[in-house]
Amino acid sequence: MTQREALAILESGQSVLLTGAAGTGKTYTLNEFIRRAKRRGRHVAVTATTGLAATHLNGTTVHAWSGIGVHDYFDERMAAMLSQSRQDTMRRADILIIDEISMLHDFRLDMVSRILQIVREDERPFGGLQLILCGDFFQLPPVNRSGSREGGFVVNSEAWQKLNPVICYLQEQHRQDDPIFLEILNALRAGDIRRHHAEALLGRIDQPLDGAVTELHTTNADVDWINTMQLEAMPGQEHRFTMETTGKTNYVESLKRSCLAAEELVLKEGAFVMCIKNSPERRYVNGSLGTVVEFEPLTGYPVVELRSGRKLTITPESWELRDGDTKRASLTQLPLRLAWAITVHKSQGMTLDAARVDLRRAFVAGMGYVALSRVRRMSTLSLAGINRLALEVSTEALAIDGDLRTRAEADAARFAHLVEAARQRATEPTSAAPATSDWSSRLAAMRTTHPNAFKPWRAEDDATLQALFRDGAGLVRLTETLGRQPGSIRARLKKHFGEDVIIPA
């Protein structure tokens, strides 16, 4: 199924599992559906099983949104213990999205469904919400920790059986463009790694790659040590960029833990960096690699030369923690991190230009597939080593996948009228998007009316802003006095006075 066909089914109001191999565009399709649903006035609760996955969608964890927290068993009194605002949020929602569904335990999906039934006073699965599950069961599975309740994939839950979601299985590959490498990944996915596949992978042991490349490791300790040592070994002046936040402390701390952005990002000229967010203007994607070549004189922001040779000034971006339609917290930071190393877990969802992968200590089935599928082709992959477990996938995931493929074919036939309409729309001509001018030109244009646009906030600027605001100055006066754009003024006031601050015109 194509992304466009899946969107047609999603927009029809069906509860859906959106799945497919790595690189088929699940997150892209999900983001497009969220955008369209909100444009139609639908209340969309965007959640994921991990905080990191939630930040990619500007959402929150499903555990926090539903109020089940880290509990292993459901108690009927849980619903009554929820705050009124939490219950209102759950009643107001039209659509619930849960991303990275492979990592959610079956019993927790049942808990989410049950608490929604109670709060919404509706005995249908999930209280009658349209449920969109997204993920790939060949990727990281639910983690069963010692002393906690053990569980399996969500397909084993009672809620899954009652909901019986439509299966949208994406099949177009948008990442890998190397047929031999794609064959290996598909064989790994099918649990059918042959000798020639293994030999091809072993042939990438210690293969040199052009330029600096990211190393993928299985533990945080290795990653932190490598990045720290590499930066300290470099000559040159350090440039520090401090994260700015808005919202209550507990929400801010939750967002920080869930995000790859650093509270204080330290860079030097020559530092190897990775983009950690998709650019709204599509200048870079989550996982784009590059080198800091200089720092812009006016703003101090880093100029990064991507592996493609393109040079970009990287400017701050924002991440949000949203609870349904309510923004609980936000943080603003450069969308960069040091890229000499990253964990396999944190690389999930990324497309890397090249990677050196160490799978000698892979400790769970699926880890090898996640790591290897980050790159586009075999020539951009180097292996430090690989163990047997790294070439295994869950036998249960294999059985689930077979069932999902069969169901997806039947569902495609059942909704053929929607799919056909989507295909017809795909053949209609679309107007070309206007070209985006380069950053320097846009910045110069902005500064004709807002001379301090995108300049770092100084302590004296903050003092002036707070004093004027306390004296009753409105947005127009603040904008003119400080020479900054209205959006920057609003964000700064929220930082100092809270997310609910009322800003007069």
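Reply: Helix α18 (residues 459-470) packs against helix α20 (residues 486-497) at an angle of about 80°, and their axes are 11 Å apart. This is a predicted model, in which local features need pLDDT of at least 70, side-chain atom pairs count only at pLDDT 80 or more, and totals for chains, interfaces and linings use all residues. Residues are numbered from 1 along each chain as its sequence is written, and side-chain values use heavy atoms, with hydrogens and water left out.

Me: How are helices, axes and angles defined here, and how are α18 and α20 oriented to each other?

Reply: Helices (H or I, at least four residues) and strands (E, at least two) are DSSP runs, numbered from the N terminus. Axes are lines fitted to C-alpha atoms, for helices over the stretch in contact, and angles run from 0 to 180 degrees between N-to-C directions. Angles under 35 degrees count as roughly parallel, over 145 as roughly antiparallel, 65 to 115 as roughly perpendicular and the rest as oblique. The helices α18 and α20 are therefore roughly perpendicular to each other.

Me: Which residues make the contact between α18 and α20?

Reply: Contact means heavy atoms within 4.5 Å. From α18 come Asp462, Leu465, Gln466, Phe469 and Arg470, and from α20 come Ile489, Arg492, Leu493, His496 and Phe497. By class, there are five nonpolar, two polar and three charged residues in this contact. In that classification Ala, Val, Leu, Ile, Met, Phe, Trp, Tyr, Cys and Pro count as nonpolar, Asp, Glu, Lys and Arg as charged, and the others, Gly among them, as polar.

Me: At what angle do α19 and α20 pack?

Reply: Helix α19 (residues 475-482) and α20 pack at about 105°, with axes 9 Å apart. They are therefore roughly perpendicular to each other. Leu475, Leu478, Thr479 and Leu482 of α19 meet Pro486, Ile489, Arg490 and Leu493 of α20. The classes in the contact of α19 with α20 are six nonpolar, one polar and one charged.

Me: What is a nonpolar core, and which residues of the largest one touch the most other members?

Reply: In soluble globular proteins, nonpolar side chains tend to be buried together. A nonpolar core is a set of buried Ala, Val, Leu, Ile, Met, Phe, Trp, Tyr and Cys residues joined through side-chain atoms within 4.5 Å. Buried means under 20% relative accessible area, exposed over 50%, and partly exposed in between (1.4 Å probe, protein chains only). The largest core has 107 residues, of which Leu96, Ile98, Phe137, Leu267, Leu372 and Leu381 touch the most other members. Helix α7 (residues 106-120) gives the most to this core, with seven residues. Apart from this core lies another, of 23 residues, among them Ile9, Leu30, Ile34 and Leu170.

Me: Where does Leu336 lie, and is Leu336 buried or exposed?

Reply: Leu336 lies in strand β17 (residues 336-338). It counts as buried because its relative accessibility is 1%. Leaving aside neighbours within four places in sequence, Leu336 is in contact with residues including Leu265, Leu267, Cys275 and Ile314. Cys275 likewise counts as buried, at 1% relative accessibility.

Me: How many disulfides are there?

Reply: A disulfide is a pair of cysteine sulfur atoms within 2.5 Å. By this rule the count is zero. Cys168 is in no disulfide, and the nearest cysteine sulfur, that of Cys134, is 10 Å away. Cys168 counts as buried, at 0% relative accessibility.

Me: Where does Gly300 lie, and with which residues is Gly300 in contact?

Reply: Gly300 is in the loop between β12 (289-295) and β13 (302-306). Its relative accessibility of 22% is why Gly300 counts as partly exposed. Beyond its neighbours within four places in sequence, Gly300 is in contact with Phe241 and Phe295.
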